[in-house]
Amino acid sequence: TTGRHWRPSARWALGVVPISGLLCLLAVAEFTWEVFADDDVVVLDSQIADMVLDIRSEPLTTVMRTITVLADTETILLVTTACLGAALAQRRRRQALGVAVAVFGTTLVVVPLKEVLGRERPPTPHNLTDLVANAYPSGHAAYGVATWGAALWLLTAGASTRMRRAAALLATCLAFAIGLSRVYLGVHWGSDVVAGWAVGGLCLSAGILIGSPRSSTAPDTGP
């Protein structure tokens with residue numbers, strides 16, 4: 001397979017992605033400040049959590065538990081391993097590096113933020129799980145963006161613009177559903193999820209930038 005077959009749009013990678021990454025970085029900084037310095041966000045979080053209690057039902061809870069599995073640790077490791085294995089088997093080393101940056105970069109951002117900020121999760125009866133780790137930002141929301149976004153980016157590299165747009169829409173829907181499931185299950189406040197999406201977007205943007213080939217014709221033999 002030649003490098004040409006797997007080339008994403010250079011203009012898209014060098015234009016839209018950096019801007020998206022910068023916006024995500026600004027969103028993480030701004031939202032973190034708002035959460036820990038502005039009571040209005042905390043109040044809104046509580047209001048959303050109370051609203052969720054009013055719409056809960058057993059069938060919907062089952063659906064949400066199923067959706068949230070898409071960003072469980074085991075699922076993320078499985079998807080990431082499959083992506084890296086497939087990319088390396090086809091000698092798409094730069095794109096394999098991009099996937100690794102997106103996923104593992106997310107870990108390098110989420111874990112320290114959780115430890116430093118130490119925000120508690122919603123209490124019972126909101127929380128339907130026994131998780132006790134810190135809440136902010138949502139790791140599931142972040143990995144939902146970074147991992148599924150990277151997987152679909154890898155899968156559609158070299159495909160038509162329409163196919164890439166469809167993949168981007170699918171990745172967005174998956175990330176949104178995963179984040180929504182975390183709020184519904186009471187595992188996270190709404191602001192945790194929004195910050196998680198921003199962190200995932202930041203790391204995904206970095207991964208795509210690093211993983212995108214530097215030319216449109218040279219074989220993809222790595223950085």
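First, what you are looking at. This is a predicted model, in which local features need pLDDT of at least 70 and side-chain atom pairs count only at pLDDT 80 or more, while totals for chains, interfaces and linings use all residues. Residues are numbered from 1 along each chain as its sequence is written, and side-chain values use heavy atoms, with hydrogens and water left out.

The secondary structure comes to eight helices and zero strands. In sequence order the pattern is α-α-α-α-α-α-α-α. Helices here are DSSP runs of H or I with at least four residues, strands are runs of E with at least two, and the numbering goes from the N terminus. The chain has 223 residues, and 45% of them count as buried. Buried means under 20% relative accessible area, exposed means over 50%, and partly exposed lies in between, with a 1.4 Å probe and protein chains only.

A contact is a pair of heavy atoms within 4.5 Å. Taking contacts between residues at least 6 apart in sequence, 82% join residues at least 24 apart.

Helix H4, residues 73-89, and helix H6, residues 139-156, have axes that come within 10 Å and cross at roughly 25°. The axes are lines fitted to C-alpha atoms, for helices over the stretch in contact, and the angles run from 0 to 180 degrees between N-to-C directions. H4 and H6 are therefore roughly parallel to each other. For that wording, angles under 35 degrees count as roughly parallel, over 145 as roughly antiparallel, 65 to 115 as roughly perpendicular, and the rest as oblique.

The crossing of H4 and H6 is left-handed. That is the case when the near helix is turned anticlockwise from the far one by less than a right angle; clockwise is right-handed. Which residues of H4 and H6 make the contact? On H4 they are Thr75, Ile76, Val79, Thr80, Cys83 and Ala87, and on H6 they are Tyr143, Thr147, Trp148, Ala151 and Leu154. By class, this contact has eight nonpolar, three polar and no charged residues. Nonpolar covers Ala, Val, Leu, Ile, Met, Phe, Trp, Tyr, Cys and Pro; charged covers Asp, Glu, Lys and Arg; the others, Gly among them, are polar.

The second pair is H7 and H8. Their axes come within 9 Å and cross at roughly 155°. That makes H7 roughly antiparallel to H8. The crossing of H7 and H8 is right-handed. From H7, residues Ala175, Phe176, Gly179, Leu180, Arg182 and Val183 meet Gly190, Val193 and Trp197 of H8. The contact of H7 with H8 divides into six nonpolar, two polar and one charged residues.

Next, the cysteines. How many disulfides are there? With a disulfide taken as a pair of cysteine sulfur atoms within 2.5 Å, the count is zero. Cys24 is in no disulfide, and the nearest cysteine sulfur, that of Cys203, is 9.2 Å away. Cys24 is buried at a relative accessible area of 17%, whereas Cys173 is partly exposed at 46%.

Two residues of H8 are worth a look. Ser205 sits in helix H8, residues 190-211, and is buried, with a relative accessible area of 8%. Not counting residues up to four places away in sequence, Ser205 touches Val17, Ser20 and Gly21. Ala198 is also in helix H8 and counts as buried at 9% relative accessibility. Leaving aside neighbours within four places in sequence, Ala198 is in contact with Cys24, Ala27 and Val28.

Pro137 lies in the loop between helix H5, residues 93-117, and H6. A cis peptide bond joins Tyr136 and Pro137, with omega at about -5°.

Arg91 is not a glycine, yet has a positive phi of about 60°.

Last, Thr172. Is Thr172 buried or exposed? At 51% relative accessibility, Thr172 counts as exposed. Thr172 is in helix H7, residues 161-184. From C-alpha to C-alpha, Thr172 and Trp148 are 8.9 Å apart in space, and 24 residues apart in sequence.
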